[in-house]
Amino acid sequence: MNLFKKCILLSAVLLATACVTTTKIDAGPRNIGEHLQLNLSGAWNQINVSGMNGPHTETWTMEGLAIDKLDIYSGLNENEAIHPASASARDKKNYVFKASLQPEQIVALFEGTLTRDGSTFKLLKLQPTLFGSVKGFHFEYAVTRKIDNVEILGSANVAISRNQLYAMVYQAPKLVFYTRHIERVNQIMQSARIS
């Protein structure tokens, strides 16, 4: 089965098993939560799937969840899960944020959520950066998805402000899709402001 057919099948399964709503996010300035502001150069689709995100997380996509995903965290509080464990996850652990965590420990939280299904994670880059005008860090990673053995590339910017986590995490298949949208994602990350 080729990648396109696998993605269509995965999308159909997601739609059949969850309440899904899609909202178009237009270009221009956008507030996410109380303190995060972004400026978009093009439209995105916001996906809401019951049980997928916590109260301070939005998920956007250009091509569909089975293809690419941009998770935006707008002020996760102490002891709040990065992503709640789903009923179908092999790993039921909730990976929770603590303001005292070091960058490597925060990356490990994301790794835990990305590998709940048995996928494998490899950290490619970790370096300091400004995110939202706040001192933070940037990391890049590769995930080999267990379900179809597709290599996914990811890029993230993270900062802690007022003991809350702010982050943008983008991922898409290495072939075609990651390079198609990463410049647009980088523009959004650079436009971020945390007030």
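## W60 and the nonpolar cores

In this predicted model, W60 touches I25, R30, I32, L38, L40, W44, N45, Q46, D68, K69, L70 and I72, leaving aside residues up to four places away in sequence. W60 is also one of the residues with the most contacts inside the largest nonpolar core, together with L38, W44 and L70. That core has 27 residues. Strand 3 (36–40), strand 6 (69–76), strand 8, strand 9, strand 10 (164–173) and helix 3 each contribute at least two residues to this core. Helix 3 gives the most, with six residues.

Another core, of 24 residues, lies apart from the largest one; A99, V107, L114 and F137 are among its members. In soluble globular proteins, nonpolar side chains tend to be buried together.

## Helix 3

Helix 3 comprises 15 residues, 177–191. From its first C-alpha to its last it reaches 22 Å, close to the 21 Å expected at 1.5 Å a residue.

The buried residues of helix 3 are F177, Y178, H181, I182, V185, I188, M189 and S191. An α-helix has 3.6 residues a turn, so residues three or four places apart point the same way.

Strand 7 (residues 120–131) pairs with strand 8 in the antiparallel sense over 11 bridges. Within this pairing, K122 has A142 of strand 8 as its bridge partner. The two strands form a hairpin with two residues between them, and G132 in the turn has a positive phi of about 65°.

Strand 8 (residues 134–144) is mostly covered, with eight of its 11 residues buried. Its pairing with strand 9 is likewise antiparallel and runs over nine bridges; here V143 has I152 of strand 9 as its bridge partner. Six residues separate the strands in this hairpin, where N149 takes a positive phi near 65°.

## S155 in strand 9

S155 lies in strand 9 (residues 151–161). Because its relative accessibility is 2%, S155 counts as buried. Leaving aside residues up to four places away in sequence, S155 touches H138, F139, E140, Y141, M168, V169, Y170, Y178, I182, N186 and M189. Of these contacts, Y178, I182 and M189 are among the buried residues of helix 3.

K125 is 30 residues from S155 along the chain, and the C-alpha atoms of the two residues are separated by 9.1 Å.

How values were computed:
Residues are numbered from 1 along each chain as its sequence is written. This is a predicted model: local features need pLDDT of at least 70, side-chain atom pairs count only at pLDDT 80 or more; totals for chains, interfaces and linings use all residues. Side-chain values use heavy atoms; hydrogens and water are left out. Helices (H or I, at least four residues) and strands (E, at least two) are DSSP runs, numbered from the N terminus. The expected span of a helix is 1.5 Å times one less than its number of residues. Buried means under 20% relative accessible area, exposed over 50%, partly exposed in between (1.4 Å probe, protein chains only). Contact means heavy atoms within 4.5 Å. Two strands pair if DSSP finds at least two bridges between them. A nonpolar core is a set of buried Ala, Val, Leu, Ile, Met, Phe, Trp, Tyr and Cys residues joined through side-chain atoms within 4.5 Å.
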